Each structure stands twice: as C-alpha cells, then as structure tokens.
Amino acid sequence: MAESRDTCPFCSIDPKRWIASSDAAIAFLDGFPIAEHHTLVIPQRHVASLFDLDVSEQAEVWRLASEVRHRLADEFGIEAFNIGVNDGVPAGQTVLHAHVHVIPRVTGDSDDPRGGIRWVIPDKARYW
Ligand code: 5GP
Ligand code: ZN
C-alpha cells in the first residue's frame, strides 16, 4: 500500500491531537488502539522506514518514544510496554509513514504474555 504525503493518514493528523512533539518527531494516540493509551511516535518527515531517516532524526524519534513511555509510566502507573516497529509490508506495516508503537501492557491483559513480540509469528513464538 504505497502512500504519498498527500494521502498519508499520519501527515494529516490534526496538530491538536499531538500529545508530544519536537522539530523532528510527533506522538499521538493510535486511532484503533489495542490497549488503552496505545501511542504512535512518528518522524515529522514522511518516510516509509525509520531507517530512511538520518541518524539525528532517528534519535529524535526514540527520544520522543522515551518521553512518551516515561509519561505513561508516571501519569498512569503503567509498568510494562511492548515497543515495536513494523518495518516493511511483509513485516506487517500497514501505514507507510514510519512509526514506533508504544503499547502499554498490564498484568492479566492476556492469558500468557510470555514471548511478547515473538508472537508476530505465532507458530514460532513459543521456545520455552
Ligand atoms: P502498522 O500496521 O503500520 O504498524 O500500524 C499502523 C497503525 O496506525 C495501526 O495501529 C492503526 O491503528 C493506526 N492508524 C491507522 N490509521 C490511523 C489514523 O487515521 N489515525 C490514527 N491516529 N491512527 C491510525
Ligand atoms: Zn506521512
């Protein structure tokens, strides 16, 4: 699903919905959250992969992800997170504007959370 800046859902997010921002990065709530406070951190620049960014932009995306993670921990007492990047369509990326998912996790939100992001390939997740 190729997306230009003109049709990209993230490039058109209303700045009023940004929960944090800097010159190079923006954070906002995921529109179809899998957990309460599920947040996306994106570069300001429309690129498909985080690895299309220069190193200073990548650093700013991760700095903002860190800020979001600490804020969610401090404000809501969240103690665990899945922090994830779907980098490329075969890896599950559906919006081709690079983004980091910050997904809060709480005890009991799944029967057995062991493995976390290993469950992107369910048949191989369980090694224990
Ligand atoms: P991906 O599958 O590309 O890693 O994740 C894309 C994410 O973008 C999904 O979690 C989806 O819920 C979120 N999303 C898709 N469209 C919109 C939108 O228009 N607004 C917001 N806030 N999130 C969106
Ligand atoms: Zn975009």
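## Lining of the largest pocket

The lining of the largest pocket divides by class into 18 nonpolar, 12 polar and 5 charged residues. The model is a predicted one. This pocket holds about 760 Å³ of space. Its lining is made up of 35 residues, and those closest to the pocket centre are Ile 34, His 38, Asn 86, His 101 and Ile 103.

Three strands each contribute at least two residues to the lining of the largest pocket: E2 (25-29), E4 (80-84) and E5 (100-105). The largest share comes from E5, with 4 residues.

## Ligand 1 and its shell

Ligand 1 takes up the space of the largest pocket. Around the ligand there are 17 residues, of which Asp 30, Asn 86, Thr 94, His 99 and His 101 come nearest. Asn 86 and His 101 are named among the residues nearest to the ligand, and both are also listed among those closest to the centre of the largest pocket.

Sorted by class, the shell of ligand 1 consists of 8 nonpolar, 7 polar and 2 charged residues.

## Polar contacts and burial of the ligand

One polar contact of ligand 1 involves a side chain: a polar side-chain atom of His 99 is 2.8 Å from a ligand oxygen atom. His 99 is also one of the residues that come nearest to the ligand.

Backbone atoms take part as well. A polar backbone atom of Val 95 lies 2.9 Å from an oxygen atom of ligand 1, and a polar backbone atom of Gly 92 lies 3.3 Å from an oxygen atom of the ligand. Taken alone, ligand 1 exposes 520 Å², and the protein buries 82% of that area.

## The second largest pocket

The second largest pocket has a volume of about 180 Å³. Its lining includes Glu 79, Ala 80, Phe 81 and Asn 82.

By class, the lining of the second largest pocket has 4 nonpolar, 4 polar and 3 charged residues. Strand E4 gives the most to this lining, with 3 residues. E4 also supplies at least two residues of the lining of the largest pocket.

Key:
Residues are numbered from 1 along each chain as its sequence is written. Chains are lettered from A and ligands numbered from 1 in the order in which they are written. This is a predicted model: local features need pLDDT of at least 70, side-chain atom pairs count only at pLDDT 80 or more; totals for chains, interfaces and linings use all residues. Side-chain values use heavy atoms; hydrogens and water are left out. A residue is near a molecule or strand if one of its heavy atoms lies within 4 Å of it. A polar contact is a pair of N or O atoms within 3.5 Å; within protein, one must be able to donate a hydrogen and the other to accept it, and residues adjacent in sequence count only if both atoms are side-chain atoms. Accessible areas come from the Shrake-Rupley method with a 1.4 Å probe; for residues, only the protein chains shown count as cover. On a 1 Å grid over the protein atoms alone, a cavity is a set of points where a 1.4 Å probe fits but cannot get out, and a pocket is an open set with protein on both sides within 12 Å along at least five of seven lines; lining residues have an atom within 4 Å of a point. A molecule sits in a cavity or pocket if more than half of its atoms lie within 2 Å of its grid points. Ala, Val, Leu, Ile, Met, Phe, Trp, Tyr, Cys and Pro count as nonpolar, Asp, Glu, Lys and Arg as charged, and the others, Gly among them, as polar. Grid points are joined across faces, edges and corners, and a volume is the space filled by probe spheres set on the points.
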